[in-house]
Amino acid sequence: MVETKTLTNLQKDRLLTVIPILLFLGYTAINRGFSFTRILYAGFFGLVYIAIALDCVDLKRVLRYAFYICLAATVVLLIQYFCYYVIRFKLQVIPVKLLHAESERWVERSTSTKIGGFYRPSGFFLEPSHVFLYFFPSIAFLLFTPKTNIRRIISAAVLSLGVVLSTSGMGIAVVAGFWAIYILLYSAKDNKKNEPQFSNLFTKRTLIIIAVFLCVLIVAYFTVDIVRNTVNRIFVNDSGSTAIAGRVRRTINHLKKMSARDILIGYSKDVEVSE
């Protein structure tokens, strides 16, 4: 007789959590008309999520390989900065001629010397924000895993440097938040299990850390170009197109076109959102 394995309750619960993701993948595959490429993409990642839910994927190995990729990208970023500022040429890593036709809008960003008025390398990613989106799970895991150690903290610092070098405003803000949470809640000497200790928020140590951080940030803003450009890109820009504005402008314009009733209960009509 062939032995059949039954799903555990945990695996069943995980499969239920995957259902919304599968529905979303299906929607994105067909909402703009039939495309074999999008169907194949949705099917592949759907199988990946199902495999993860059923414990068919070695997540520890995946995280290890993801860390190596992030480390390699950080090295490439350092090399790109060296080439640009020391040897005076831009090192192009992305083979743009091999990109899919739908990625055409990213080609200009990946090949242009400057974005937003200053040099913004992205390693072998298409855009600086893509660096952050790939890096942040590894950084969060290294900082907040219960079995952290000095080696993992140093690794998190190296990957955080990579995010800073990418000049992604969203990335720098989130990574700074990660480190603030770690330093304020996790980094006490007696915290051997690496668990959050909220009592640390109301200590002299916390006030000193915050004061030192603000002083370093202020000095860096006025003395380091990359810090000043990144902060200005997030909050202040003469053109009015800051990193924050670029991500909320469509939403704000959309809300302005909605009535109080629409905001309260929602609607299903298509709304043309102006830029």
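Which residues does Ile 153 touch, not counting residues up to four places away in sequence? I looked this up first, in what is a predicted model. I found Leu 142, Leu 143, Thr 148, Trp 179 and Tyr 182 on the list for Ile 153.

**Entry: Ile 153.** I placed Ile 153 in helix H6. I read its relative accessibility as 13%, and because buried means under 20%, Ile 153 counts as buried.

**Entry: helix H5.** I went on to H5, which covers residues 128-144. I wanted to see whether its length fits its residue count. At 1.5 Å a residue, the 17 residues of H5 should span 24 Å. I found the end C-alpha atoms 24 Å apart, so the two values agree. I also logged a kink in H5: it is about 40°, lies at Phe 135, and comes shortly before the proline Pro 137.

**Entry: Thr 145.** I followed the chain past H5 to Thr 145, which sits in the loop between H5 and helix H6 (150-166). Is Thr 145 buried or exposed? I found a relative accessible area of 11%, so Thr 145 is buried. Leaving out residues up to four places away in sequence, Thr 145 touches Ala 140, Arg 152 and Asn 194.

Entry: I turned to helix H3, where I found Gln 80. Gln 80 has 4% relative accessibility and therefore counts as buried. Setting aside neighbours within four places in sequence, I listed its contacts as Leu 91, Val 93, Tyr 119, Pro 121, Ser 122 and Gly 123. I then looked at Tyr 81, also placed in helix H3. Tyr 81 is buried, with a relative accessible area of 13%. I checked Tyr 81 against Gly 123: they are 42 residues apart in sequence and 10.0 Å apart in space, C-alpha to C-alpha.

**Entry: nonpolar patch.** Which residues form a nonpolar patch on the surface? I noted Ile 21, Leu 22, Tyr 49, Ile 52, Leu 59 and Val 62, with about 430 Å² of accessible area together. The elements giving two or more residues to the patch are helix H1 (9-30), helix H2 (36-53) and helix H3 (59-87). I looked up one member, Tyr 49, and found it in helix H2. Tyr 49 counts as partly exposed because its relative accessibility is 32%.

**Entry: whole chain.** I counted 11 helices and zero strands in the chain. Of the 275 residues, 29% are buried. The accessible surface comes to about 19000 Å², and 66% of that surface belongs to carbon and sulfur atoms. Among contacts between residues at least 6 apart in sequence, I found that 53% join residues at least 24 apart.

Notes
Residues numbered from 1 in each chain as written. Predicted model: local features only at pLDDT ≥ 70, side-chain atom pairs only at ≥ 80, totals over all residues. Heavy atoms only, no water. Helix = DSSP H or I, 4+ residues; strand = E, 2+ residues; numbered from the N terminus. Expected span 1.5 Å × (residues − 1). Bend = angle between axes of the 7 residues up to and from the residue. Patch = residues over 30% accessible without salt bridge, like charges linked within 9 Å, V, L, I, M, F, W, Y side chains within 5 Å. Areas by Shrake-Rupley, 256 points an atom, 1.4 Å probe, with all protein chains shown as cover. Salt bridge = Lys/Arg side-chain N within 4 Å of Asp/Glu carboxyl O. Buried < 20%, exposed > 50% of the residue type's maximum accessible area, 1.4 Å probe, protein only. Contact = heavy atoms within 4.5 Å.
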